[in-house]
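The following note is meant for a colleague who is new to this structure. Please read the points in order beside the model.

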Amino acid sequence: MLLIHCPWCGPREQTEFSCGGEAHIVRPVDTDALTDEQWGDYLFMRKNPRGRHLEQWVHTYGCRRWFNVERDTVTYRITAVYKPGDEPPRGVGPASAGREAANRDQPPEGGPTRGSDG
Amino acid sequence: MNRYSIWSLVRNARSHHEQWQAAWRSPDPKREYDVVIVGGGGHGLATAYYLAKEHGITNVAVLEKGWIGGGNTGRNTTIVRSNYLWDEATHLYEKSMKLWEGLSQDLNFNVMFSQRGVLNLGHTLQDMRDIARRVNANRLNGVDGEVLTAAQVKAMVPIINTAPDARYPILGASLQRRAGVARHDAVAWGYARGADARGIDIVQNCEVTGIRRDGAQVVGVETNRGFVKAKKVGVVAAGHSSVLAAMVDLRLPIESHPLQALVSEPIKRVLDTVVMSNAVHGYISQSDKGDLVIGAGIDAYTGYGQRGSFSIIEGTLAAILELFPTFSRVRMNRQWGGIVDVCPDACPIIGLTPVRGLYLNCGWGTGGFKATPGSGWVFAHTIAQDRPHELNAAFSLDRFFTGRLIDEHGAAAVAH
């Protein structure tokens, strides 16, 4: 079970939250001009990386606000939490999936990570 | 290959069972193959087996980064059924069911396929309407199915709680009598042995680290044991499909999630069928050893860690106790997780890719085990003929651009 630091409420158990999947997917602006491939890519295609992942969470049973989390999908360790609109601490990263190892030497920026491992 | 029979058993008994031939060799990878299959799970091994058996292609290697039977093939709850809603899915899973029905004889390996029936419970009026619709759709497609009342469910499974004052009362169920369970390890071992006997190399501890291309044509795979040249490459990597697709800059509509299962201590026989409930989300059967085999749900977050959250187990066991209050004092023995590749429409992707000679079989999500024989059969056809079989033509990656999704989420009783 993860211990997630809500940017507004502080550390809370994972069961209070819902996961909203990959973060930083921007809805295309000029939708009339999109090809089927561009629509399919926006709607369905995901990075699904093994390693560092930027994802959205919502504090469903708390403040009900959305925020972003940087988490390692192998160790499940949360390395950063940041508010919507803020830049991720280590950038958005490459566009495609792959073996991105999270920088585990960096101190977590969203608070302590104790108990964040499943 | 030494055939298994009562005679071979007697013959080997005389040598104290010390002379049995290994079920498959462990060769070093050759420098070049006609076809390389990436992933030695059930689906990959079945693909190799049917490439040899149905298409005469035997210069094939199956590259497995771990060991045979160590991935999802050995981590599922062994349920086999074909009662899906939509025509495309039903035909694919029914092809698999027909192969299951002759599989032990075909492989000369007892996969312990037991057609003990699968019940999908309905707890609301809408559940029962959906069940009636699905059973009708199944029967129109030639797949057996029945709608049972709560009393009929109780007669089949006396220990189930059909009290009308339950929090989610059981109103009835669908029953597929030809459905059931199979021994998952035996499926992997049987296909491995069958493929090996036809000359196919099964290479364990061989991880693919890159896919080499010449222009738009695949030419081979980089592995931790060197480069292996290949005319065709079939990727059957389940939870790691996105990682492999990224090697050729291909994006997939897949997210990998941990899915858990658990087994109890062995108890006397109390459950001779499979019970699944979508509404309370639990599914359960009893193995031949007597342990209760229980499937849980996926974690909402993506993960490659082969373990899930305790909260998921808690929710699943609450659902099981809702159905079977008598299990309240049964202790759980083991719990584990596998990484499942979930597609937005809960249907697989089996077909060609933009890279010539590279084929993809993935997205089986939480329910791939039942499809093992059929998946291998259609994928072998796709690779051998360089075009999909009519059974898997609808399951192309292209459907996420055309919009022709096959929405089996929830429609197929429970998404496993």
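**Notes on chains A and B**

1. Leaving aside residues up to four places away in sequence, B:Glu94 touches B:Ser82, B:Gly142, B:Val143 and B:Arg178 (contact means heavy atoms within 4.5 Å). B:Glu94 lies in helix α3 (residues 87-101) of chain B; helices (H or I, at least four residues) and strands (E, at least two) are DSSP runs, numbered from the N terminus. With a relative accessibility of 6%, B:Glu94 counts as buried, a class defined as under 20% relative accessible area (1.4 Å probe, protein chains only). Its side chain makes a polar contact with the side chain of B:Ser82 at 2.7 Å. A polar contact is a pair of N or O atoms within 3.5 Å; within protein, one must be able to donate a hydrogen and the other to accept it, and residues adjacent in sequence count only if both atoms are side-chain atoms.

2. This is a predicted model, in which local features need pLDDT of at least 70 and side-chain atom pairs count only at pLDDT 80 or more, while totals for chains, interfaces and linings use all residues. Residues are numbered from 1 along each chain as its sequence is written, chains are lettered from A and ligands numbered from 1 in the order in which they are written, and side-chain values use heavy atoms, without hydrogens and water.

3. Chain A contains one helix and seven strands, in the order β-β-β-α-β-β-β-β along the sequence. Of its 118 residues, 42% count as buried. Strands β1 (residues 3-6) and β2 (residues 10-13) of chain A pair in the antiparallel sense over four bridges, where pairing requires at least two DSSP bridges between the strands. A hairpin through three residues joins β1(A) to β2(A), and A:Cys6 has A:Gly10 in β2(A) as its bridge partner.

4. How many residues of chain B are in contact with chain A? There are 30, and they meet 31 residues of chain A. The area buried between the two chains is about 2,600 Å², with 53% given by carbon and sulfur atoms; buried area is the accessible area (1.4 Å probe) that two parts lose on being put together, summed over both. On the chain B side, B:Arg251, B:Tyr301 and B:Phe401 lose the most area to chain A, together 29% of what that side buries.

5. The rule finds one salt bridge across this interface, the criterion being a side-chain nitrogen of Lys or Arg within 4 Å of a carboxyl oxygen of Asp or Glu. B:Arg251 forms a salt bridge with A:Asp41, with the closest N and O atoms 2.9 Å apart.

Key: Buried < 20%, exposed > 50% of the residue type's maximum accessible area, 1.4 Å probe, protein only.
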